[in-house]
Amino acid sequence: MATNQPIIGIIMGSDSDLKIMQDAAAILKEFNIPFELTIVSAHRTPMRMVEYAAGAAGRGLKAIIAGAGGAAHLPGMVASLTTLPVIGVPVKSSNSIDGWDSVLSILQMPNGVPVATVALNAAKNAGIIAAQIIGTSDEQVAATLKQYKTSLEKYVLDKAKHLSNEWENKFDT
Ligand code: RP5
């Protein structure tokens, strides 16, 4: 991208979420989209959360990826404080019962304050959605996303070809 200024904010409730949330960072790097990454805790640093979310659009961010586990209120609270799209990543953390608590806390937002929720621990998908948001107005990112989709197709077709060495498959003959 032409700019080095972060346009995606990746935040998480704790550094213990980083092992999951780094997947969002990795895919944004792959797509050459500048981002920032930090810890913002809804219950341990509530004022920092307010400042981050309320100032995000003004600082040039276009979307926020927020990950948290257990009583995962960070994405919803951030969504209440900004007009930017917020993509929530439910994290199966040490205080999570089995991940459902994180999923439901982020997914079940009341009407009016949505959080675009990805699957449990699916920070990579959060990064892809953020890239797709950017791709609606950036041709270079849109082209990179198209290449990425093509690479997924090739990955599966190569596997299918490999399987056909051992298993009958009339479909591809
Ligand atoms: C949540 O509590 C965090 O997002 C993290 O998933 C979980 C556990 O945090 P730590 O106790 O590891 O800091 O707020």
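Colleague: Which residues of α4 are buried?
Modeller: In this predicted model, the buried residues of α4 are Asp 101, Ser 102, Val 103 and Ile 106.

Colleague: And what covers the buried residues of α4?
Modeller: The cover includes three strands, β3 (63-69), β4 (86-91) and β5 (116-117). Helix α3 (74-80) is also part of that cover.

Colleague: Where is Leu 104 found?
Modeller: Leu 104 sits in helix α4, which runs over residues 100-107.

Colleague: How does Leu 104 count by accessibility, and why?
Modeller: Leu 104 counts as partly exposed because its relative accessibility is 42%. The partly exposed class lies between the buried limit, under 20%, and the exposed limit, over 50%.

Colleague: Which residues form the nonpolar patch on the surface?
Modeller: Leu 104 forms that patch with Trp 100 and Leu 107. Together the three have about 320 Å² of accessible area.

Colleague: Switching to the ligand. Which residues surround the ligand?
Modeller: The surrounding residues are Gly 13, Ser 14, Ser 16, Asp 17, His 43, Arg 44, Ala 68, Gly 69, Ser 93 and Asn 95.

Colleague: What is the distance from the side chain of Ser 14 to the ligand?
Modeller: An N or O atom in the Ser 14 side chain is 2.6 Å from an oxygen atom of the ligand.

Colleague: What about Ser 16 and Asp 17?
Modeller: For Ser 16, a polar side-chain atom lies 2.6 Å from a ligand oxygen. For Asp 17, a polar side-chain atom is 2.5 Å from an oxygen atom of the ligand.

Colleague: How much of the ligand's accessible area does the protein cover?
Modeller: On its own the ligand has 360 Å² of accessible area, and the protein covers 81% of that.

Colleague: Now the whole chain. How many helices and strands are there?
Modeller: The protein chain has six helices and five strands. Their order along the sequence is β-α-β-α-β-α-β-α-β-α-α.

Colleague: What does the C-alpha trace span?
Modeller: Along the principal axes of the protein chain, the trace spans about 60 × 45 × 30 Å.

Colleague: What share of the residues is buried?
Modeller: The protein chain has 173 residues, and 41% of them are buried.

Colleague: And the accessible surface of the chain?
Modeller: That surface comes to about 10,100 Å², with 57% belonging to carbon and sulfur atoms.

Colleague: Last one: what share of the contacts join residues at least 24 apart?
Modeller: That share is 67%, taken among contacts in the protein chain between residues at least 6 apart in sequence.

Conventions: Residues are numbered from 1 along each chain as its sequence is written. This is a predicted model: local features need pLDDT of at least 70, side-chain atom pairs count only at pLDDT 80 or more; totals for chains, interfaces and linings use all residues. Side-chain values use heavy atoms; hydrogens and water are left out. Patches are made of residues with over 30% relative accessible area and no salt bridge: like charges are joined within 9 Å, nonpolar side chains (Val, Leu, Ile, Met, Phe, Trp, Tyr) within 5 Å. Accessible areas come from the Shrake-Rupley method with a 1.4 Å probe; for residues, only the protein chains shown count as cover. A salt bridge is a side-chain nitrogen of Lys or Arg within 4 Å of a carboxyl oxygen of Asp or Glu. Helices (H or I, at least four residues) and strands (E, at least two) are DSSP runs, numbered from the N terminus. Buried means under 20% relative accessible area, exposed over 50%, partly exposed in between (1.4 Å probe, protein chains only). A residue is near a molecule or strand if one of its heavy atoms lies within 4 Å of it. A polar contact is a pair of N or O atoms within 3.5 Å; within protein, one must be able to donate a hydrogen and the other to accept it, and residues adjacent in sequence count only if both atoms are side-chain atoms. Contact means heavy atoms within 4.5 Å.
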